[in-house]
Amino acid sequence: MTPLSAGVYPGTLDRELAARLLRRAAGFVAIEERDGLVGLDVTQAVARLIGGAQAGPRWQEIHDLEEVSADRGQLNGYRAWQLARLVESPQPFREMVTLFWLDLFAVSALRVDALRLYHDLRSGLRERAFDSLEKVFAFALTHPALLLNLRAPSNYRSQPQQQIGRFIVQYVVGHDPGEKAALVADIARAYTGMFVTSGRLRVLDYEHDPGEKTVGDQTGDLRAEDVARALARDQATIENVVRRLFGWFVTTEVAIPQQLLATAKNVALDGRPIAEVLTVLLGWEECLKDPRYRRVKSPLEVYLAVARPFGYRATTHAAEALAELGWDIVHPPTLAGWPRGQAWLTASQVARHLALVRTMLSGGENWGATSQITEALSRPDWSSRLVETLLDGALSAEARADWQKLAENARDETAKKEAVAFLASLPEFQLA
């Protein structure tokens, strides 16, 4: 890996920083996984998260069932297996980066409709999750699922689909499409000749507009693949992607430091893998050590904070409940992606998050509970491990007194689960 800026934390990770890095990258903290990062530097820790753990037979079963659901168009089952990837994957960081790309391109299984085609896009993004921006864009921006998602299956030379240009300019490049009418039009014209029929992409050269178009630093008879290549080198697009990555993995509540923004942009502009951009963003010393840089948990992260460290298995019931809470794992609700930040910090949302945790603790098999939570709550050090698992940082003085009293009086599993719910009710739990 190319040497990183002096702004990246130069030391080795202690337990607190390792937990913060893991929580940001994967949406949860499991003590054993955290301890595997302790003593590593940032580059080594991110490399370990990218590599993940060894896959077991259960993982192959999830993969096979996911494929069957996609082939048969069984959306409810497919949704559950996508949640299972996040809960049980040996590479949870890769799953979270895949979700980021799905958020950026705002591709929804409900809008695409053809589940097999959506699955092909999702699987391809997962495979390329840490590659260069050019490889990700070349795949996603020419994929037929993107066209179906934008309601643009037919792109005639005489009728370019302006919604393609508007989407790319607004959400990928990060400009106001009303102020970039020429760019919107040129991108739409570049996609002419592309048709999606029966789940397959056909390119009809006689329907392609061969006129001159300009996108980024490229001018000429551009096609969709040229748009992807030009945008992967475009400064505005790269800045937008870096800002979106920072918001997804660090915070939307505090602005990205300018030096960090410049450094991450330069890494991407050099054509280096997104893995290196993420190493800079996750390992930037100011953001890693300053607790102000924390993001508001989404319902998915509330679920993962409990499900992953306590060995839950994803169920259709859990996936549907998350969808009802506003986090359908296969359906970004708008072309802006999933809601983020303050959208999850309203009084009603916080109450629903606590209700979600309580239901998980009492819901049994419907929520995929296993014996692992019983084992975790039976340990002599259960109370200290719970705090380290669920909170980023120490308890406040007021909460500490209540917590100590609650922990001392918790004699059975029911009382200890009530202690879990207490931690989930704290403001600190809402931040990752």
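Modeller: Helices here are DSSP runs of H or I with at least four residues, strands are runs of E with at least two, and both are numbered from the N terminus. This is a predicted model, so local features need pLDDT of at least 70, side-chain atom pairs count only at pLDDT 80 or more, and totals for chains, interfaces and linings use all residues. Residues are numbered from 1 along each chain as its sequence is written, and side-chain values use heavy atoms, with hydrogens and water left out.

Biologist: OK, where is the place of R244?

Modeller: R244 sits in helix α14, residues 235–249.

Biologist: And is R244 buried or exposed?

Modeller: R244 counts as buried because its relative accessibility is 15%; buried means under 20% relative accessible area, exposed over 50%, and partly exposed in between, with a 1.4 Å probe and protein chains only.

Biologist: What does the side chain of R244 make a polar contact with?

Modeller: The side chain of D103, at 3.0 Å. A polar contact is a pair of N or O atoms within 3.5 Å; within protein, one must be able to donate a hydrogen and the other to accept it, and residues adjacent in sequence count only if both atoms are side-chain atoms. Leaving aside neighbours within four places in sequence, R244 is also in contact (heavy atoms within 4.5 Å) with residues including F100, Y171 and R340.

Biologist: Switching topic: how do α20 and α24 cross?

Modeller: The axes of α20 (residues 347–362) and α24 (residues 413–424) come within 9 Å and cross at roughly 165°. Axes are lines fitted to C-alpha atoms, for helices over the stretch in contact, and angles run from 0 to 180 degrees between N-to-C directions. That makes α20 roughly antiparallel to α24, as angles over 145 degrees count that way, under 35 as roughly parallel, 65 to 115 as roughly perpendicular and the rest as oblique.

Biologist: Which residues meet there?

Modeller: L354, V357, R358 and L361 in α20 meet K417, E418, V420, A421 and A424 in α24.

Biologist: What about S198, buried or exposed?

Modeller: S198 counts as exposed, at 79% relative accessibility. S198 has a positive phi of about 55° too, although it is not a glycine, and S198 lies in the loop between β1 (194–197) and β2 (200–203).
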